[in-house]
Amino acid sequence: MTTYSFRLFIAGQTVRSQEAVANLRLLCDSRLRHQYDLQIVDAIQRPELAEEGRILATPTVIRLSPSPQRRVIGDLSDHHRTALALGLPDASSHSEEVRP
């Protein structure tokens, strides 16, 4: 099973930042069944990481693995578009098979 790795850049504890964190966790929990790693980076507290990641706006999420890297900027509230942009599997692909 593939483990996904994400780095989410936020700017402080704003409502927009909190929404991005909540949206990404909800999306990953529903599509990846907890098979993911998430690092949250406050670009204000860690500007060197933001510069290294070439972050121009927050919130920005980077899918680090599997390769290739993918980025999404915004609060991630459109789960369908975010999942497509990050290359996540469909939520239905994790449904339990029911046998009679």
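**Entry 1**

I began with Arg54, which sits in the loop between helix H2 (47–52) and S3. Helices here are DSSP runs of H or I with at least four residues, strands are runs of E with at least two, and both are numbered from the N terminus. This is a predicted model, in which local features need pLDDT of at least 70, side-chain atom pairs count only at pLDDT 80 or more, and totals for chains, interfaces and linings use all residues. Residues are numbered from 1 along each chain as its sequence is written, and side-chain values use heavy atoms, with hydrogens and water left out.

I looked up the backbone of Arg54 and found phi near 55°, a positive value in a residue other than glycine. Arg54 is exposed, at a relative accessible area of 66%. The cut-offs for relative accessible area are under 20% for buried, over 50% for exposed and in between for partly exposed (1.4 Å probe, protein chains only).

Leu76 also has a positive phi, near 65°, and is a residue other than glycine. I placed Leu76 in the loop between S4 and H3. Leu76 counts as buried, with 4% relative accessibility.

**Entry 2: cis peptide bonds**

I checked omega next. The peptide bond from Ser65 to Pro66 is cis, with omega near 0°. Pro66 belongs to the loop between strand S3 (60–65) and strand S4 (70–73). Ser67 and Pro68 are likewise joined by a cis peptide bond, with omega about 0°. Pro68 is in the loop between S3 and S4.

**Entry 3: H1 against H3**

Two packed helices are described by the angle between their axes and the distance between the axes. For helix H1 (residues 15–32) and helix H3 (residues 79–86) I noted an angle of about 70° and axes 11 Å apart. The axes are lines fitted to C-alpha atoms, for helices over the stretch in contact, and angles run from 0 to 180 degrees between N-to-C directions. H1 and H3 are therefore roughly perpendicular to each other. The classes are under 35 degrees for roughly parallel, over 145 for roughly antiparallel, 65 to 115 for roughly perpendicular, and oblique for the rest.

Which residues of H1 and H3 meet? From H1 I listed Asn23, Leu24, Leu26, Leu27 and Arg31, and from H3 His79, His80, Thr82, Ala83 and Leu86. The residues of this contact divide into five nonpolar, four polar and one charged. Nonpolar covers Ala, Val, Leu, Ile, Met, Phe, Trp, Tyr, Cys and Pro, charged covers Asp, Glu, Lys and Arg, and the others, Gly among them, are polar.

Asn23, in helix H1, is buried, with a relative accessible area of 15%. Leaving aside residues up to four places away in sequence, Asn23 touches Asp75, Leu76, Ser77 and His79 (contact means heavy atoms within 4.5 Å). His80, in helix H3, is exposed at 51%. From His80 to Ser17 the C-alpha distance is 19 Å, across 63 residues in sequence.

**Entry 4: the chain**

I counted three helices and four strands in the protein chain, in the order β-α-β-α-β-β-α along the sequence. The C-alpha trace spans about 55 × 30 × 20 Å along its principal axes. Of the 100 residues, 38% are buried. Among contacts with a separation of 6 or more, 69% are between residues 24 or more positions apart.
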